[in-house]
Amino acid sequence: MDSENRAFQPPQDAHDVPASELAPAPRKPITRRDVIRYGVTGAACAAGGYALVGYLVDAVRELTAEGVFKGDAPSDAVWELWRQRSWAHEGYHYLKLGRNVQCKICPNNCLMEPGDRSHCRNKINRDGTLYSLAFANPCAFHVDPVEKKPLFHFFPGSQSFSIATAGCVFRCLNCQNWEISQKKPEETKDPRGPELRLRPPITGGISAQDVARLSMFPEDVVALAEWTKSASISYTYSEPTAYYEYTYDTCKLARERKMKNILVTCGSMEEPPMRDLGKYLDAAHVDLKGFSEAIYWKLNTGKLQPVLKTLKTLQSMGVWFEIINLVVPTYTDNPDMIRRMCDWLVANIGPDHPIHFSRFHPQHKLQTLPPTPVEILLQAQSLARSAGLRYAYVGNVPGLPDAETTFCPNCKRAIISRDVFAITGYDLDAAGKCRFCQTQIAGVWS
Ligand code: SF4
């Protein structure tokens, strides 16, 4: 048990992300020749007018797709090692466009010619087929309290078996896990040497070298979650959107085995894959990084609208979710923006989904910014409550009284008290009602 209760780190040969990757990729002008070039598949199915029109609209979107790594797919030798380990898996939700492929998992909509690598670094076009290189090869795993996700209204006090692979769809300046999120799978894993498949029981320690070469297939993840007596599996640390196929297959199997699934995500996913995955999700933690398209692009190279769409999709599917908002000085600490964000949440998903305002600490590309002043976080919490959000927390400030306490929205008494990740007071009944006034508290309690 001790062995997997450590955080595993990828090999320490990390180098920083080139600044050029942080700039918006230049958008190509769309020419008639481009449409014809990428339109092989569309033209073939375009005998009917609407199909062609629809396809051409799509083609225009495809050609605005953001930067892929040209010609950066693994060499034949590395590919062969990857294939032998079954770490390469054909992608889900993608289009074949002649010999080109386009991923439709996230709004980056990566369009790849043969030999290209995706923006998230995890996918390649190999001879006209899209493959994920991030399958069954986690570079980090750990057993965490569910409060660490953070999820405060979902099986409080339970443990979650947590996994991650390399890769991410964003380029956040403040990323706290950039050593894995801004890496290729080949920079965190090493398929040379004898195969090591991690399955219970685990006896003895596991070294960083072991982690680099081990495989963990979906059935192994579920077995390890059961063996560690975890109530759930969390797809986390980097970004599960970028290892969608591994997440999807594991979620599906976990559901069959009555294990809960938690998606810890930036929320930047297209609706069809979100709906497919949502069928197997029990909870999600969604990073709502701000409420401005300009800031989303500048801070995260992402877009706000797809994240808002994901919140609505999860809501419509009945998946429990909580929102985290990292308050970054000079980027996302504007009170007016926070107020507008909270108003949108109340109007569109209702008052019951908790919001966690989290304190920024200097890291990655934002080393020169100060930590978020506590007064700003308390102001954000107050704005959320004034907007009508019933459960607003302040995170990452140890020792701040009641920052992470749940109060009954009716009688206002403290009903769940927490000290970091430990539950220190609990006054809900088995059905999730306040013991003092019987008000139902939103969440998944048993
Ligand atoms: S998931 Fe990765 S490959 Fe797919 S569109 Fe997003 S960044 Fe591109």
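Reader: Which residue follows α14, and is its phi positive or negative?

Author: Gly388 follows α14, and its phi is positive, near 115°. Helices (runs of H or I, at least four residues) and strands (runs of E, at least two) are taken from DSSP and numbered from the N terminus. The model is predicted: local features need pLDDT of at least 70, side-chain atom pairs count only at pLDDT 80 or more, and totals for chains, interfaces and linings use all residues. Residues are numbered from 1 along each chain as its sequence is written.

Reader: How many residues has helix α14, and how far does the helix reach from its first C-alpha to its last?

Author: The expected span of a helix is 1.5 Å times one less than its number of residues. Helix α14 (residues 374-387) has 14 residues and reaches 20 Å, close to the 20 Å expected.

Reader: Which residues of α14 are buried, and which are exposed on the other side?

Author: The general idea first: an α-helix has 3.6 residues a turn, so residues three or four places apart point the same way. A residue is buried if 20 or more other C-beta atoms lie within 10 Å of its own, exposed if 12 or fewer, and partly exposed in between, with C-beta atoms placed from the backbone. In α14, the buried residues are Leu377, Ala380, Leu383, Ala384 and Ala387. Seen down the axis of α14, these buried residues fall within an arc of 120°, so they line one face of the helix; the arc is that of the directions from the helix axis to the C-beta atoms. Glu375 and Ser386 are exposed on the other side of α14.

Reader: What do the buried residues of α14 pack against?

Author: Their partners are β14, α13, β15 (355-359) and β16 (392-395). Two residues are in contact if their C-beta atoms lie within 7 Å. Pro335, which lies in helix α13, is in contact with Gln379 and Leu383, leaving aside its neighbours within four places in sequence. Pro335 and Ala380 are 6.9 Å apart in space, C-alpha to C-alpha, and 45 residues apart in sequence.

Reader: Does Pro335 count as buried or exposed, and why?

Author: Pro335 counts as exposed because it has 12 C-beta neighbours inside 10 Å.

Reader: Which residues of α12 are buried, and what covers them?

Author: Leu304, Val307, Thr310, Leu311 and Leu314 are the buried residues of α12. They cover an arc of only 120° around the axis, which puts them on the same side of α12. Gln305, Lys312 and Ser316 are exposed on the other side. The cover over the buried residues of α12 includes α10 (271-278), β13 (283-287), α11 (293-300), β14 (320-327) and α13 (335-349). The helix is followed by Gly318, whose phi is positive, near 75°.

Reader: Which residues of α11 are buried?

Author: Tyr296, Leu299 and Asn300 are buried in α11. They cover an arc of only 85° around the axis, which puts them on the same side of α11. The buried residues of α11 pack against α12, whereas Glu293 and Ala294 are exposed on the other side of α11. Just after α11, Thr301 takes a positive phi of about 50°.

Reader: Which residues of the largest nonpolar core touch the most other members?

Author: In soluble globular proteins, nonpolar side chains tend to be buried together. A nonpolar core is a set of buried Ala, Val, Leu, Ile, Met, Phe, Trp, Tyr and Cys residues joined through C-beta atoms within 7 Å. Here the largest core has 109 residues, of which Leu281, Ala283, Ala284, Phe321, Cys342, Ala384 and Leu389 touch the most other members. Its largest share, six residues, comes from β14. Another core, of six residues, lies apart from it, with Cys408, Ile415, Ile416 and Leu428 among its members.

Reader: Where does Asp116 lie, and why does it count as buried?

Author: Asp116 lies in the loop between β4 (111-112) and β5 (123-126). Asp116 counts as buried because it has 20 C-beta neighbours inside 10 Å. Asp116 touches, among others, Val68, Phe69, Ile124 and Asn125, not counting residues up to four places away in sequence. Asp116 and Asp72 are 5.3 Å apart in space, C-alpha to C-alpha, and 44 residues apart in sequence.

Reader: How many helices and strands does the chain have?

Author: The chain has 14 helices and 19 strands. Of its 446 residues, 46% are buried.
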